[in-house]
Amino acid sequence: MRKSLQFGLAAALGAAIVLPAQAEVTVASWGGAYTMSQQKAYADTWTAGTATFINYNGGLGEVRTQVESGNIQWDIVDVLPHEARVGCDEGLFEELPRDVFTPAPDGTSMDDDTMVPVPNDCVVPQIFWSYVPFYKEGTFQSKGRKPPKTIADFFDVENFPGKRGIHTWANALIEMALMADGVAAADVYDVMSSDGGIDRAFAKLDTIKNDVVFWSSGSKPLELVMSGEVSMALAYNGRIGAAILSEGAPFVVNWDGQVLEEEWLVMLKGTPNYDEALAFMIHASAPEQQAGQAKWINYGPMRRSGLDVIAANEPFFNTGVDIMPHMPNAGVAMANAVFANPDWWADNGDAIAERFTAWMGQ
Amino acid sequence: MAIANASSAPILTADGTPLKVSLKRSMRRSKIQALFLVLPAFLFLLVVFILPIGNLLTRSVDDTLVNWQLPLTFQMIADWDRANIPEEELFRAVFVDFTTVNKFFIESNRGSSVNTSDAAWWVAIPPKGPYREAIIQINPAWGDVVTWQPLKEIVDRSLEDTGSEKDNKHNQRRAPFDLCSELTPLTNATCSKLFRALQNWDGNSAPDEPIFAAVYKDLASAQKILTGKSSTRMNYEQPGWKGLVRTSIRAFKKMEGPPYKEAMIKANKRWGEIPFWESLVLMKDNYTMGYYLNAVDRRFDVNKKIQLQSEERRVYVMLWWRTLLISFLVTVGCLVLAYPVSHLLATLPLRYSNLLMICVLMPFWTSLLVRIVSWMVMLQQQGVINDALVWSHLLSDENRLPMMYNFTGTVIVMIQILLPFMILPIYSVMKTIPPSYMRAAQNLGAPPSLAFLRVYMPQTLPGIGAGVILVFIVAIGYYITPDLVGGKDGRMIGNMIAYHMQKSLNWGLGAAMGSVLLGAILILYWIYDKLVGIDNLKMG
């Protein structure tokens with residue numbers, strides 16, 4: 001009896017040790033409708049383990065602290081283009097094997113299937129999002145004029161009166177100001193790198209300076225436009241899209257002059273859950289999942305094959321409407337658009353940030 | 001007689017030891033006990049307060065990382081005439097600094113102790129091996145078993161069985177990091193190849209080629225990280241370094257050998273621009289005051305003279321003044337509002353004052369964000385107050401007051417948020433003032449205003465002092481509220497600190513600004529002590 005009890009105990013203990021614990025991965029992301037889309041498209045469809053999403057405020061401050069102290073709490077982070085490059089350069093992210101990721105149905109590797117060049121071996125493609133101007137339907141009708149169409153109209157407070165909601169940092173604003181000033185989308189970064197290019201952008205920004213309301217959190221511009229506090233605002237396209245598609249908000253988006261930004265997944269260097277995290281990243285970057293997040297929000301998959309899945313299955317959005325017209329990286333939205341250049345911002349971002357803060361405060 | 005005897009002889013306790021000794025002993029024991037009681041608090045303070053502040057202060061002047069990366073360049077740039085594009089020699093130093101790992105093997109590898117004539121710097125380790133000979137040529141110590149043994153120890157320790165599988169796994173995962181932080185200044189580089197190679201080594205025989213190959217390859221990847229980090233640092237000094245380093249690293253791989261000058265300028269024209277070379281001069285010491293200068297809109301020129309920052313980038317001095325102004329206005333506003341409320345609280349009958357107290361504390365228990373958002377609803381141009389003013393024809397529709405997303409909004413919201421910090425200390429002091437004093441003063445003929453000024457108010461000063469200091473110090477470091485409601489001219493220095501800590505990763509500048517803030521608070525505290533006296537402070 002005693003022997004068998006001992007044996008049973010040993011067996012139970014053994015089982016407890018041998019049985020692989022259910023894989024658990026922690027993903028730091030941005031919260032709101034965006035994280036909800038990731039939860040539904042990636043985590044809920046992942047059978048090999050559980051992924052827990054937590055919210056963070058962007059930047060690599062937290063990541064750097066965790067990696068350099070060796071006390072790692074997050075496994076995966078959802079990062080912006082600039083952070084994706086700096087973090088990999090500084091050795092804060094794991095460099096990932098490239099051949100384990102799911103190729104497109106036609107056999108194209110993931111890296112070649114991505115719409116922009118993959119900057120390094122740390123990143124896994126996510127989505128494109130954009131800064132884009134929008135207004136409330138009917139805002140400019142009552143004034144007896146035709147509604148704004150172009151990015152130049154956004155900077156034209158004379159013909160399109162009312163305040164403008166813009167964000168408290170310089171990204172995208174410099175590009176938009178130059179496009180509004182007549183620079184072709186393809187030449188924007190050449191002008192920004194040239195002497196006087198930045199002055200030109202700030203001169204254009206000066207023209208709306210007195211009519212500007214600044215926002216710093218993504219939901220704010222929608223409230224500003226909805227309440228009439230401003231007549232037009234820049235916002236993240238997904239926020240506007242979510243309001244239009246899910247809540248029927250009467251917003252009109254002007255894609256002209258939008259600035260697209262990349263969003264990547266990276267893995268923290270030295271995470272104890274390397275294998276599980278890699279498995280999750282493989283899952284989350286497969287074409288099916290890439291497309292799947294667009295059921296819940298109108299951010300564009302970075303992989304062409306992801307877009308193909310959506311186009312082939314319209315109406316794709318969960319409410320049963322077509323989502324392609326709302327994608328920032330397809331169709332009419334791309335007619336006059338700029339992909340933000342992270343390399344330019346890596347060189348000049350800090351100097352521009354100081355200048356922009358000074359400009360705001362003057 | 002017996003009594004006299006007893007008084008001259010030492011008094012003994014029951015067990016025969018003199019009372020004095022016994023007393024001392026028990027005092028010491030209670031002292032040690034007391035020490036143990038405060039020990040947790042002291043350790044807590046040390047860990048969460050003193051160490052981070054020390055870390056902050058070091059970070060604000062530390063410049064060792066980039067000195068690790070560019071030892072030869074910094075040593076040689078002293079001879080540069082600072083007017084023309086440098087000679088081939090300096091270009092070669094840059095090339096060597098970026099492409100070789102010799103620096104990790106040489107002992108005096110940083111700052112002024114670097115000896116450029118030491119042949120070790122110029123030994124070329126063949127990228128495809130053999131590595132052993134070249135590394136020993138750089139530093140003969142690496143041929144010695146003793147040099148390797150501490151590394152072997154790290155490996156062995158990580159392989160010891162701790163009894164818990166999780167801990168074992170953790171230790172083995174951290175060991176490659178520990179190895180690299182032994183060999184390099186980096187805590188986030190991994191020496192995984194060396195970790196594996198050293199496992200197969202017995203620890204006594206002369207280390208063989210595979211171990212040298214492993215250490216070379218691991219250091220080469222650590223060098224990549226060091227390059228990434230230092231290019232971020234260099235970019236703070238001169239925008240454009242980041243891109244210059246990135247493109248150059250690619251170009252360096254294709255360069256066959258000297259001369260480098262032309263090839264490098266051809267690869268990226270910034271190598272031919274003086275400002276980039278000038279910025280190197282400024283980074284060449286292990287310690288820098290540059291971050292502090294940056295925090296007050298100054299910078300060093302190439303001769304280490306302090307200059308004003310270029311005009312469009314001057315932003316911090318303005319923010320410092322604004323931060324002081326906002327904190328001052330908030331403190332005054334809180335005082336004006338809190339004083340009568342505290343008086344009411346202290347003098348009303350208990351059942352009313354309790355209710356009032358709950359009203360004071362209620363916002364304290366409400367989420368900060370909820371309060372901020374409700375202020376937005378109230379104050380914005382299409383908000384409740386403006387609507388009411390327009391509706392009552394006090395304002396025309398075109399002239400709605402801008403009270404939100406600007407300076408005014410920040411001050412109003414911060415006053416509301418910080419009000420309890422002012423009310424509570426003042427209230428607790430007022431509570432202790434007997435009402436009879438005022439009555440006595442009036443009985444003696446003082447009109448109420450005089451009685452208030454001469455009798456009541458002076459007694460409340462300790463509470464006012466406590467409230468003022470509390471509110472001012474909390475206000476000066478605020479950043480979440482200004483970020484949400486500050487808009488164009490209501491943002492404070494805390495927002496820039498947060499930006500540099502989280503987004504730009506310029507921790508040096510963030511730390512310098514934090515230190516200045518700390519210094520400013522200490523100075524104000526000192527002034528307060530001189531003017532009012534810190535022992536007059538009363539929290540209750």
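# Close-up views of the predicted model

**View 1. Strand S7 of chain A and its pairing partners.** Strand S4 (residues 124-136) of chain A and strand S7 of chain A run antiparallel and are joined by 5 bridges; strands (E, at least two residues) and helices (H or I, at least four) are DSSP runs numbered from the N terminus, and two strands pair if DSSP finds at least two bridges between them. This is a predicted model, in which local features need pLDDT of at least 70 and side-chain atom pairs count only at pLDDT 80 or more, whereas totals for chains, interfaces and linings use all residues. Residues are numbered from 1 along each chain as its sequence is written, while chains are lettered from A and ligands numbered from 1 in the order in which they are written. Strand S5 (residues 164-167) of chain A pairs with S7(A) in the parallel sense over 2 bridges, and A:Met232 is the bridge partner of A:Arg164. Because 5 of the 5 residues of S7(A) (residues 232-236) are buried, this strand is largely enclosed by the rest of the structure; a residue is buried if 20 or more other C-beta atoms lie within 10 Å of its own, exposed if 12 or fewer, and partly exposed in between, with C-beta atoms placed from the backbone.

**View 2. The contact between chain A and chain B.** Chain A contributes 39 residues and chain B contributes 41 residues to the contact, where two residues are in contact if their C-beta atoms, placed from the backbone, lie within 7 Å. On the side of chain B that touches chain A, two or more residues each come from helix H8 (165-183), helix H10 (209-237), helix H11 (241-254), helix H22 (480-485) and helix H23 (493-503) of chain B. This side of chain B has 15 polar, 13 nonpolar and 13 charged residues, with Ala, Val, Leu, Ile, Met, Phe, Trp, Tyr, Cys and Pro counted as nonpolar, Asp, Glu, Lys and Arg as charged, and the others, Gly among them, as polar.

**View 3. The largest nonpolar core, around A:Val266 and others.** A:Ile76, A:Val266 and B:Leu418 have the most contacts inside the largest nonpolar core, which has 169 residues; such a core is a set of buried Ala, Val, Leu, Ile, Met, Phe, Trp, Tyr and Cys residues joined through C-beta atoms within 7 Å. Helix H19 (residues 407-431) of chain B gives the largest share of this core, 16 residues. Leaving aside residues up to four places away in sequence, A:Val266 touches A:Ile76, A:Val77, A:Val79, A:Ala84, A:Gly87, A:Phe93, A:Cys122 and A:Val123.

**View 4. The two domains of chain A.** Domain 1 of chain A covers 23-128 + 261-331 and domain 2 covers 130-260 + 336-361, with bounds that come from an automatic or database domain assignment. The centres of domain 1 and domain 2 of chain A, taken over C-alpha atoms, are separated by 26 Å. The contact involves 19 residues of domain 1 and 17 residues of domain 2 of chain A. On the side of domain 1 that touches domain 2, helix H2 (32-43) and helix H4 (81-89) of chain A each supply at least two residues, and the largest share, 4 residues, comes from H4(A).

View 5. The buried residues of H24(B), including B:Trp507, B:Leu509 and B:Met513, pack against helix H2 (19-59), helix H14 (290-295) and H23 of chain B. Just after H24(B), B:Gly533 takes a positive phi of about 95°.

**View 6. Backbone details at A:Pro315, B:Pro259 and B:Arg82.** Most residues other than glycine have a negative phi, and most peptide bonds are trans. The peptide bond from A:Glu314 to A:Pro315 is cis, with omega near -5°, and A:Pro315 is placed in the loop between helix H14 (304-312) and strand S11 (337-339) of chain A. B:Pro258 and B:Pro259 are likewise joined by a cis peptide bond, with omega about 0°, and B:Pro259 is placed in the loop between H11 and helix H12 (261-267) of chain B. B:Arg82, which is not a glycine, has a positive phi of about 65°; this residue is exposed, with 12 other C-beta atoms within 10 Å.
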